[in-house]
Amino acid sequence: MSIPQSAAEFMAAQVARLRALGVKKRIVFFEGGDPRVQQAAARLAGERLLEPILVGPRPAAGLAGVTFIDPATSPRLATYASIYHERRRARGVTEIEARQIPKQPLHFAKLMVAAGDADGSVGGAATSTAEAVRAALHCIGTGTTVRTVSSVFIMAVHDRSFGHNGLLALADCAIVIEPNAVQLAEIAIATAETTRILLDTEPIVALLSFSTMGSTKHKAADKVIEALKVIRARAPELRVDGEMQADAALVPDVAWAKAPGSPVAGRANTLIFPDLASANIAYKMVERLGGGMAIGPFLQGMAKAGNDLSRGCSVEDIYGVAVITALQSAMR
């Protein structure tokens, strides 16, 4: 089955929006020696979309428009060590230990972002998600309004009547295994903001469950109901409802969408799952059985932009994640 047209249009729109900013964002890649990263960086620089910074020794041939920084010779090591020590001293990290941290490419890149020397970071071609997220938390930290770090996929489907012209935001598919009610609420709030930034539309959020509007009494549904209360207290302007089954969220002519005063009208474009297992299963089934395309995942909840790559990522994947990271950094 062919790639959904909505996917191609999504990436084209992100590139156009990035060009329209008028300012080239500085994005650091902590796996600068990876040939895929170098190819993607060369393309991004050649298209004048952003300023790629690759962590690692500069290759003999070099790459036009791409900056290489070797942590071993960087004059910013002391500054980065100081930032790290300040953030981690309460956890028992000593100055001596902190001086070693920026010598590691992953931490060097995250500390570049923390110091304002880069606007966002990209990596994970040879680094686990757990390592990348841990480094980001230690070096940068979480945002001020949302403390839960989560992930979101942009799911592109062939039927343009679903979501926003065939695009939906799905969370959390990769980070929080079993969120509690407050974490679920924070995932929903963060994902709604991602919908605004990446889909360039107002989010219509559905908190998914196996029951709709109290039709079944169970602690899993109770968690979703409690999360909805938290969301309405923290983000009263948000169009959100739940708990509801997936078909109720996606079909506009059901009772909840027609109910007078319902904050959600029409088909949802932002789907929040009660746990990682259901979210992960759902997006993969949409891909395999429905011919959809999952773009991402992208990290949410961090104080500054940074995204993970899959271990099997292609040059095109790295290019796309870097474009999204640059856009996310511009919207903060």
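Predicted model: local features only at pLDDT ≥ 70, side-chain atom pairs only at ≥ 80, totals over all residues.
Okay, let's start with a pair of side chains: D117 and R76 form a salt bridge, and their closest N and O atoms are 2.9 Å apart. By salt bridge I mean a side-chain nitrogen of Lys or Arg within 4 Å of a carboxyl oxygen of Asp or Glu. D117 sits in the loop between α5 (105–115) and β4 (120–123), while R76 sits in the loop between β3 (67–69) and α3 (77–88), so the pair ties together parts that are 41 residues apart in sequence.

Residues are numbered from 1 along each chain as its sequence is written, and side-chain values use heavy atoms, leaving out hydrogens and water.

So, how many salt bridges does a search of the whole structure find? It finds 15. Another one joins R160 and E9, with the closest N and O atoms 2.6 Å apart. That pair links distant parts of the chain: R160 is in the loop between β5 and β6, E9 is in helix α1 (residues 5–20), and they are 151 residues apart.

Then there's E95 with R99, at 4.0 Å from N to O. These two are four residues apart in helix α4 (residues 95–100), which means about one helical turn separates them. Also, R43, E47 and E316 are joined into one network by salt bridges that share partners.

Now the sheet. It's open, with six strands in the order β8-β7-β9-β6-β5-β10 and mixed pairing; two strands pair if DSSP finds at least two bridges between them. Why is one side of β8 (239–244) and of β10 (293–300) left without a neighbour in the sheet? Both stand at the edges, so each has a single partner strand.

Further in, β5 (residues 150–156) and β6 (residues 167–171) run antiparallel, joined by four bridges. A156 has L167 in β6 as its bridge partner.

Last stop, helix α11 (residues 276–290), where L289 lies. Is L289 buried or exposed? It counts as exposed, because its relative accessibility is 68%, and exposed means over 50%, buried under 20%, partly exposed in between (1.4 Å probe, protein chains only).
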